[in-house]
Amino acid sequence: MGAGAIPIDIEKAFKERAKNKYKLAIYMADEGYGGEGKIDVSFYGGDPVFTPPKQQQLDYKMGKLSREKLQQQYFKFLENSFIQYQYTWDKILDSGKVVLVCSCNAPGKNCHRYILVDFLKKFGAVFKGKHKG
Ligand SMILES: [Zn+2]
């Protein structure tokens, strides 16, 4: 642990805060979506609070990281983010609706947005599929 680091048990802090359940609907939309609830998690230009670190995405794309490993690492990242950016997370979780946008055009469920969906489900969020309109 480096100088100035806050000695906080992320996992414990996370579990404590994740006890709250929210009424949140999750959608996905194409990159062009500009309506309410939009969260861009693209490799380039995504919101750093919710977008996995570039190295994780690169390793996954190059096949160096299995989907399981990506999920593990991305979950860890999100837990840290959840503690570090409480205000942003609270705002999102209370907003009632999020629309996840990504530029990867990955086929099937290969996009890391599905991992983020699984993470948000921990808070009671429900995945509603593709956003219409
Ligand atoms: Zn994607």
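Helix axes are lines fitted to C-alpha atoms over the stretch in contact, and the angle between two of them runs from 0 to 180 degrees between N-to-C directions. The exercises below apply to a predicted model.

**Exercise 1. Determine how the axes of helix α1 and α3 are placed relative to each other, and which residues make the contact.**

Step 1. The axes of α1 (residues 10-17) and α3 come within 9 Å, and they cross at roughly 70°.

Step 2. Angles of 65 to 115 degrees count as roughly perpendicular, and α1 and α3 are therefore roughly perpendicular to each other.

Step 3. On the α1 side the contact is made by Ile-10, Glu-11, Ala-13, Phe-14 and Arg-17, while α3 contributes Glu-79, Asn-80, Phe-82 and Ile-83.

Step 4. Sorted by class, this contact of α1 with α3 comprises five nonpolar, one polar and three charged residues.

**Exercise 2. Work out which strands pair with β3, in what sense, and over how many bridges.**

Step 1. β1 and β3 run parallel and are joined by five bridges; Ala-25 has Lys-97 as its bridge partner in β3.

Step 2. Strand β2 (residues 38-40) also pairs with β3 in the parallel sense, over three bridges, and here Lys-38 stands opposite Val-99.

Step 3. Turning to β4, this strand (residues 126-130) pairs with β1 (residues 25-29) in the parallel sense over three bridges, with Phe-127 in β4 as the bridge partner of Ile-26.

**Exercise 3. State how many residues of β3 and of β4 are buried.**

Step 1. A residue is buried if 20 or more other C-beta atoms lie within 10 Å of its own.

Step 2. For β3, four of its five residues are buried, and the strand is mostly covered.

Step 3. For β4, the count of buried residues among its five residues is zero, and the strand is hardly covered.

**Exercise 4. Identify the residues with the most contacts inside the largest nonpolar core, and the elements that give two or more residues to this core.**

Step 1. The core has 20 residues, and those with the most contacts inside it are Ile-26, Val-98, Leu-100, Leu-116 and Leu-120.

Step 2. Two or more residues are given to this core by each of β1, α3 (67-84), β3 (97-101) and α5 (113-121).

Step 3. Leaving aside residues up to four places away in sequence, Leu-120 touches Leu-24, Ile-26 and Ala-125.

**Exercise 5. Explain why Gln-72 counts as partly exposed.**

Step 1. Gln-72 lies in helix α3.

Step 2. Gln-72 counts as partly exposed because it has 13 C-beta neighbours inside 10 Å, whereas a residue with 12 or fewer would be exposed.

Technical notes: Residues numbered from 1 in each chain as written. Predicted model: local features only at pLDDT ≥ 70, side-chain atom pairs only at ≥ 80, totals over all residues. Pairing = 2+ DSSP bridges. Core = buried A, V, L, I, M, F, W, Y, C linked by C-beta atoms within 7 Å. Contact = placed C-beta atoms within 7 Å. Parallel < 35°, antiparallel > 145°, perpendicular 65-115°, else oblique. Nonpolar A, V, L, I, M, F, W, Y, C, P; charged D, E, K, R; others polar.
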